[in-house]
Amino acid sequence: MRRYLFISLLIVMLLTLVGCQSAKEQSDTAELKLAHNLPLDHPVHLSLLEFGKLVKEKSGGEIKVKIFPNGQLGSEREVIELTQTGAVDLTKVSASALEGFASDYSIFSLPYMFEEYETFQRVMNNKKVTGNLYYQTEDSGFIGLTYFNAGLRNLYTKEREVNDVSDMNGLKVRVQPSQTSVQMIEHFGGIPTAMAYGEVYTALQSGVIDAAENNETALVGNNHGEVAKYYMYTGHQIVPDMLIMNAKRFNQFSEEEQQWIHEAAEEATLYHEDVWAKSIKDQTETAKDKMGVQFIEVDKSSFIKAVQPMHERFSTNPKTKDIYQLIQEAIQSE
Ligand code: GCU
């Protein structure tokens, strides 16, 4: 009996030792899984690689980031859920996809909220706006770390040139899974279909939809320019790409480590601005010269007018009026 007790004790001791050892290993190096749905040559992917490099450098190799691109781990909605549970540590998703998780994110899908990119950028660099925005989802399991420029969203069609909002009548347009984007197309007079990004190429090709809307990288990086030959500069939304992280995982790091992650994220956002500008220039040329896509200016004022009722609703709806007001103030403050 005694011998039996001794052996059990020994096993417990051994297991404890093994446990201590693996906990130590865990604290010596950590590997963070980061999922996103963009291709390898996409400017945002390049800036996420930079983020990983910076995290590694700042932590002296203690924290590493492993990227799973191309939607390998699922659609944006799915990877947000994986980030909530902690199966994935970090993900980069469009702010539109976050609308279903926190209503404040819907402000980015409100058409013509920002007149131009510089205004948007000023708002995103205002800590009064982002401090609140990035942390309000902590109870839902994730926090925001930073944003990446994802350009202006423009309309592109297979067969129809669009010059003003009246040309949108009856047009079947894919939008992101966001109620605000669905309403936007309805106000333009089109027929919205919400679907995940990965399904858009086939939907365009097969005629399930006539049109979609996105920045220029969709044409080349995701080959939509093979099917859609008219790209209209409607500039209806400026929706950033967001880098979010599982809150528990983030809070497990020491203050110093958290600081490294924050700094790496902010530096990657700055780095991204140049990568983005160059990539949009190159991809627009490729779409024009190699894919035969026509780039068309439109009567923007007719689009702006069509969505005015949405602005009125956003500024009075109890769910959105505070963020609407806060951003208006940030826009106006110099
Ligand atoms: C942008 C964004 C993607 C998003 C896509 C979409 O390209 O970078 O993250 O999935 O829009 O329209 O769904």
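## Basis

The model is predicted, and local features need pLDDT of at least 70, side-chain atom pairs count only at pLDDT 80 or more, and totals for chains, interfaces and linings use all residues. Residues are numbered from 1 along each chain as its sequence is written, and side-chain values use heavy atoms, with hydrogens and water left out.

## Ligand shell

Polar contacts are pairs of N or O atoms within 3.5 Å. A polar side-chain atom of R174 lies 2.7 Å from a ligand oxygen atom; for N37 the distance to an oxygen atom of the ligand is 2.9 Å, and for N214 it is 3.1 Å. The ligand taken alone exposes 320 Å², of which the protein buries 99% (Shrake-Rupley method, 1.4 Å probe).

## Largest pocket

The ligand takes up the space of the largest pocket, with more than half of its atoms within 2 Å of the grid points. On a 1 Å grid over the protein atoms alone, a pocket is an open set of points with protein on both sides within 12 Å along at least five of seven lines, and lining residues have an atom within 4 Å of a point. The pocket volume, the space filled by probe spheres set on the points, is about 520 Å³.

Its lining has 33 residues, and N37, E76, R174, Y197 and G198 lie nearest the centre. Elements giving two or more residues to this lining are α3 (76-85), β3 (90-94) and α7 (200-206); helices (H or I, at least four residues) and strands (E, at least two) are DSSP runs numbered from the N terminus. The lining comprises 12 nonpolar, 14 polar and seven charged residues.

## Largest cavity

A cavity is a set of grid points where a 1.4 Å probe fits but cannot get out. The whole structure has one cavity of 30 Å³ or more, and the largest cavity has a volume of about 30 Å³. L155, M168, M184, I185, F188, E213, T234, H236 and F303 line the largest cavity. Two or more lining residues come from each of α6 (179-188) and β9 (230-237), and α6 gives the most, with three. The lining divides into six nonpolar, two polar and one charged residue.

How values were computed
Nonpolar A, V, L, I, M, F, W, Y, C, P; charged D, E, K, R; others polar. Polar contact = N/O pair within 3.5 Å; in protein donor to acceptor, adjacent residues only side chain to side chain.
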